[in-house]
Every structure is written in structure tokens, then in C-alpha cells.
Amino acid sequence: MTLVTDLTSRKADTAAPLIDPLADRWSPRAFDPDAVVETETLRTILEAARWAPSANNSQPWRFIVARRGTEAFATLHDKMAGFNQEWADSAAVLVVNIAETVDAEGRDRPWARYDLGQAVAHLTVQAQHEGLHTHQMGGFDAAAIHDAFGLPESQEVVSITTIGALGDVDRLPEVLREREVAPRQRKTLGEFVTVGE
Ligand SMILES: Cc1cc2nc3c(=O)[nH]c(=O)nc-3n(C[C@H](O)[C@H](O)[C@H](O)COP(=O)(O)O)c2cc1C
């Protein structure tokens, strides 16, 4: 197994050419604990989410943004699974990704989580373009975060995105360091694409 130690590029070994932000995106655990994301950059990243497509243009995504050092950040960190707490404290920003699964008239929005995922994908690609990295997570107590931020029943906490600048891999605990430098793997296109006759 070849270990990759230069983490400035974990570029995807693609089977067809991709635009740079897609090929360059990967999910680090080693974030720079001193890096700050400028407000304008954060705005640009969220603007990318804003312009994502959604079912009937319902835009059922909601985001809570928490910078490192704030009470909101500490609350979120506290509700994460231990294996995420170990690395996520050095991210500059945490974004809670929330789906509004019921509209104002009480009707279900069956595509709300799908739309949220698409908005988050936009956000991650824009962040990459801005020279930052993102790492999404599902390992946290969603109900506790829902309560802590007083969210309504119609909203569901789905995931959290960490945003920050790449940090020093040697500062990670050994187990996480090993994962950080392991080769990136994907299924082949043939394993998940069926071409209709
Ligand atoms: C919905 C979702 C939940 C995830 N949950 C976690 C998590 O709890 N902890 C973690 O370290 N990574 C988590 N990840 C990151 C994935 O493990 C990662 O995206 C995947 O291994 C592919 O690696 P790459 O993003 O570097 O290409 C999550 C990603 C997504 C999209």
C-alpha cells in the first residue's frame, strides 16, 4: 500500500477529466487551528448553496454557521461523537446542515434532504475553489443539536460541514493520521452506472 504524505494534493485519480475543485476536493481531519475564514469568503461559500437547484424551487435548506471560539461552536463540538471531536475542534467554521422537511402549510417535502445535500455539495465545491477544505460528518447527536438551537419540528438536523484550511497531519492522533494518508478509493463507473439499451 502506497501512503501519500504530501497532503497538499490528494487529487482524485479520475477515470475522466474533472474541473479542479471537484478533483481536488477531499475531506481532511487535519485543519489549521489558527486559520480564520474571512466573512466575505464565507458569504461566497453560502451563496453557492443558495443557488443550488431544489424541488419546485422550495429551497428547503437551513444552515447554522458557527465559528471556532464561539459558544455555538462549543455547543456543536460537545454534541459530536468522540471520533469527530478529536479532529473537528481545529476547523475554522462548523455549518449545521438542516432540512425543512415540512412546509409552512404542513405538507411533507419528500425531496428536502436531497435538496439539502445538493446545496451542501455546491457549498463544498465553492469552498474548495476558495482554497479551503471541507469535511462533512454524520457522527453527532442530532436530537441534542435540534434542542440546543431550539429548532422547530419541521426542521431536521442532517449533517455538519467543517470548513477550514489544511493543517499539519502530524498533529493528529496516530489512528487518524493513518486514515489521513491512506490511498483514496472509489468504485469504478461500471459498478454503479447502467447504460440503458
Ligand atoms: C453524510 C456524510 C456523513 C459523514 N460522516 C462522517 C463522520 O461522522 N466522520 C468523518 O470523519 N467523516 C465523515 N464523512 C466523510 C466521509 O467519510 C468521506 O467523505 C468519504 O470517506 C470520502 O472521502 P473524501 O471526502 O476524502 O473523498 C461523512 C460524509 C458525508 C457525506
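Reader: How much space lies in the largest pocket, and which residues lie nearest its centre?
Author: In this predicted model, the largest pocket holds about 780 Å³ of space. Its lining is made up of 21 residues, and the elements that contribute two or more of them are helix H5 (112–129) and helix H8 (189–192). Nearest the centre of the pocket lie Ala12, Asp13, Thr14, Leu18 and Arg186.

Reader: Which residues of helix H3 are buried, and why do they line one face of the helix?
Author: Helix H3 spans residues 71–78, and its buried residues are Phe73, Leu76 and His77. Viewed down the axis of H3, these buried residues fall within an arc of 100 degrees, so they line one face of the helix. The face turned away from that buried side carries the exposed residues Glu71 and Asp78. What covers the buried residues of H3 includes strand S1 (61–67), helix H4 (82–88), strand S2 (93–100) and helix H6 (142–148).

Reader: Which element supplies the largest share of the largest nonpolar core?
Author: This core has 23 residues, of which Trp87, Val96, Met137, Phe140, Ile145 and Val157 touch the most other members. At least two residues each come from S1, H3, H4, S2, strand S4 (155–164) and helix H7 (174–181). The largest share, three residues, is that of S2.

Reader: Is Phe140 buried or exposed, and where in the chain is its place?
Author: With a cut-off for burial of under 20% relative accessible area, Phe140, at 13% relative accessibility, counts as buried. Its place in the chain is the loop between strand S3 (133–137) and H6.

Reader: What distance separates the C-alpha atoms of Phe140 and Met80?
Author: Leaving aside neighbours within four places in sequence, Phe140 is in contact with Lys79, Met80, Ala81, Ile145, Val157, Val158, Ser159 and Ile160. Met137, with neighbours set aside in that way, has contacts that include Met80, Trp87, Ser159 and Ile160. Although Phe140 and Met80 are 60 residues apart along the chain, their C-alpha atoms are separated by 4.0 Å.

Note on methods: Residues numbered from 1 in each chain as written. Predicted model: local features only at pLDDT ≥ 70, side-chain atom pairs only at ≥ 80, totals over all residues. Heavy atoms only, no water. 1 Å grid on protein atoms, 1.4 Å probe; cavity = no way out; pocket = protein on both sides within 12 Å on 5 of 7 lines; lining within 4 Å. Points joined across faces, edges and corners; volume = space filled by probe spheres on them. Helix = DSSP H or I, 4+ residues; strand = E, 2+ residues; numbered from the N terminus. Buried < 20%, exposed > 50% of the residue type's maximum accessible area, 1.4 Å probe, protein only. Arc of directions from axis to C-beta. Contact = heavy atoms within 4.5 Å. Core = buried A, V, L, I, M, F, W, Y, C linked by side-chain atoms within 4.5 Å.
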